[in-house]
Each structure stands twice: as C-alpha cells, then as structure tokens.
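Please keep the sequence and the structure in view while reading.

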Amino acid sequence: MSISCLTTTHPLQSLTVKLRRNNQDKDILMYPDISPASEHQRWSVRKDVENVTLDLKNIRLSDDGLYDCQVYKDQDCLHATRFNLTIIKCKTLDSVHQTPGSSVLLPCSEHPLQNRTEQVTWKVIIGHQPTEISQYRLPNNPSNSTKKLLKPL
C-alpha cells in the first residue's frame with residue numbers, strides 16, 4: 001500500500017520524513033533512519049518523480065488508525081498530511097466459472113441460508129487484473145448512448 005505525502009522537487013536525501021500514529025507517543029518512521037536497529041521495517045519512504053511516498057508492506061488489522069506524516073526541509077515543515085487507514089478484513093469466496101452459452105448465478109452472501117449480511121463484491125479477473133463487475137453490461141442489454149459505455153459481460 002502506498003500513500004503520497006508531498007509533491008516536491010527537493011531530492012529525498014535532503015528531506016526528513018516523520019510518520020506518527022495519533023494514539024502513540026513515538027514516531028513509527030523517521031527518514032533518514034539513524035538508528036541501527038529499525039523497528040519500522042514494514043514502513044518505508046521513496047520518491048517517484050516528484051512525489052514523496054510512504055509504503056506499507058505486510059498490512060495487519062492492527063494498522064487501522066489515524067496517522068500524521070510530516071515532511072521537513074532542514075527545520076521547516078514543508079507539508080503535513082493526516083490520513084485515516086482503514087483495514088477491511090476480506091475473504092475470497094470460491095470462483096464462479098461460466099461455460100459459453102450459459103448463465104451464472106452470483107450469490108449475494110457467503111451464507112445464503114443464514115441471516116448474515118456480509119457485503120460481497122464480485123470482480124471479473126482476467127490474468128491478474130481484477131475489474132469491478134459493475135463495469136460490465138449484460139450481453140443482451142445493448143449499450144445506450146445516454147449511459148456510459150460498459151463492456152459486455
């Protein structure tokens with residue numbers, strides 16, 4: 001997961017980046033990190049073109065919360081960004097495959113016979129590229145010029 005904190009022409013080496021979780025008293029990340037044993041190995045800082053970006057790997061449910069990112073040049077704070085990181089626990093359901101000429105029923109619940117209301121989102125996956133199913137139209141439903149163009153499903 002990546003979060004952009006600042007757009008700047010300054011080289012990353014000339015900046016100090018601090019990341020703090022609002023309910024903690026210490027910085028999660030300090031770039032450049034001067035401590036030999038870094039406790040923030042899942043967070044990192046990089047610069048793509050002109051964007052200073054925070055990266056988080058191995059996301060956990062406990063990462064959920066409100067964060068502040070501050071970028072400094074010398075003693076001057078160039079920019080402060082506050083963001084709320086929401087972690088949603090997802091479960092991948094069994095895939096549904098269609099044979100040519102047949103229809104497919106997509107269940108709206110993981111447990112259709114129980115009164116549970118988990119939200120289910122279906123995506124069409126071609127290769128490794130998922131696309132929301134709402135981006136498709138039924139093959140027998142012709143495209144209407146007043147609607148945005150959807151791909152046939």
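## A hairpin and its partners

In the hairpin formed by strand 4 and strand 5, where two residues lie between the strands, Val49 adopts a positive phi near 50 degrees. The model is a predicted one, in which local features need pLDDT of at least 70 and side-chain atom pairs count only at pLDDT 80 or more, while totals for chains, interfaces and linings use all residues. Residues are numbered from 1 along each chain as its sequence is written, and side-chain values use heavy atoms, with hydrogens and water left out. Strands, like helices, are DSSP runs numbered from the N terminus (E, at least two residues, for strands; H or I, at least four, for helices), and two strands are said to pair if DSSP finds at least two bridges between them.

Strand 4 (residues 43-48) pairs with strand 5 in the antiparallel sense over six bridges, and within this pairing Trp43 stands opposite Leu56 of strand 5. Strand 1 (residues 2-7) is also joined to strand 5, by five bridges and again in an antiparallel run, with Leu54 of strand 5 as the bridge partner of Ile3. Strand 5 (residues 51-56) is mostly covered, since five of its six residues are buried; here buried means under 20% relative accessible area, exposed means over 50%, and partly exposed lies in between (1.4 Å probe, protein chains only).

Four strands make up an open sheet in the order 3-2-6-7, with antiparallel pairing. Strand 3 (27-31) and strand 7 (76-85) stand at its edges, and because each has a single partner strand, one side of each is left without a neighbour in the sheet. On average, and with direction ignored, neighbouring strands of this sheet are turned by 15 degrees against each other; the axes behind such angles are lines fitted to C-alpha atoms, for helices over the stretch in contact, and angles run from 0 to 180 degrees between N-to-C directions.

Strand 2 (residues 15-21) and strand 3 are paired in the antiparallel sense over four bridges, and Val17 stands opposite Tyr31 in strand 3. In a regular strand, side chains alternate between the two faces of the sheet.

## Salt bridges

Five salt bridges are found in a search of the whole structure, each defined as a side-chain nitrogen of Lys or Arg within 4 Å of a carboxyl oxygen of Asp or Glu. One of them joins Asp63 to Arg42, with the closest N and O atoms 2.6 Å apart. Asp63 lies in the loop between strand 5 and strand 6 (65-73), and Arg42 in the loop between strand 3 and strand 4, so the pair ties together parts that are 21 residues apart in sequence. Both Asp63 and Arg42 are buried.

Arg20 forms a salt bridge with Asp27, where the closest N and O atoms are 3.2 Å apart; Arg20 is partly exposed at a relative accessible area of 31%, and Asp27 is partly exposed at 25%. Arg46 and Asp55 form another, with their closest N and O atoms 2.4 Å apart, and here Arg46 is partly exposed at 27% relative accessibility, whereas Asp55 is buried at 15%. Salt bridges link Arg46, Asp48 and Asp55 in a network.

## Aromatic rings

How many aromatic pairs are there? The count comes to two, where rings of Phe, Tyr and Trp (its six-membered ring) pair if their centres lie within 6.5 Å, with planes under 30 degrees apart counted as stacked, over 60 as edge-to-face and the rest as tilted. The rings of Trp43 and Tyr67 have centres 5.6 Å apart and planes at 50 degrees, so this pair is tilted. Trp43 lies in strand 4 and Tyr67 in strand 6, so the pair ties together parts that are 24 residues apart in sequence.

Trp43 is buried, with a relative accessible area of 6%, and Tyr67 is buried at 1%. The rings of Tyr67 and Phe83 have centres 5.4 Å apart and planes at 10 degrees, so the pair is stacked. This second pair links distant parts of the chain, with Tyr67 in strand 6 and Phe83 in strand 7, 16 residues apart. Phe83 is buried, as is Tyr67, and ring pairs link Trp43, Tyr67 and Phe83 into a cluster.

## Cysteines

The count of disulfides is zero, a disulfide being a pair of cysteine sulfur atoms within 2.5 Å. The sulfur of Cys77 is 9.1 Å from the closest cysteine sulfur, in Cys69, which is too far for a bond. Cys69 is buried, with a relative accessible area of 1%, whereas Cys77 is partly exposed at 40% relative accessibility.
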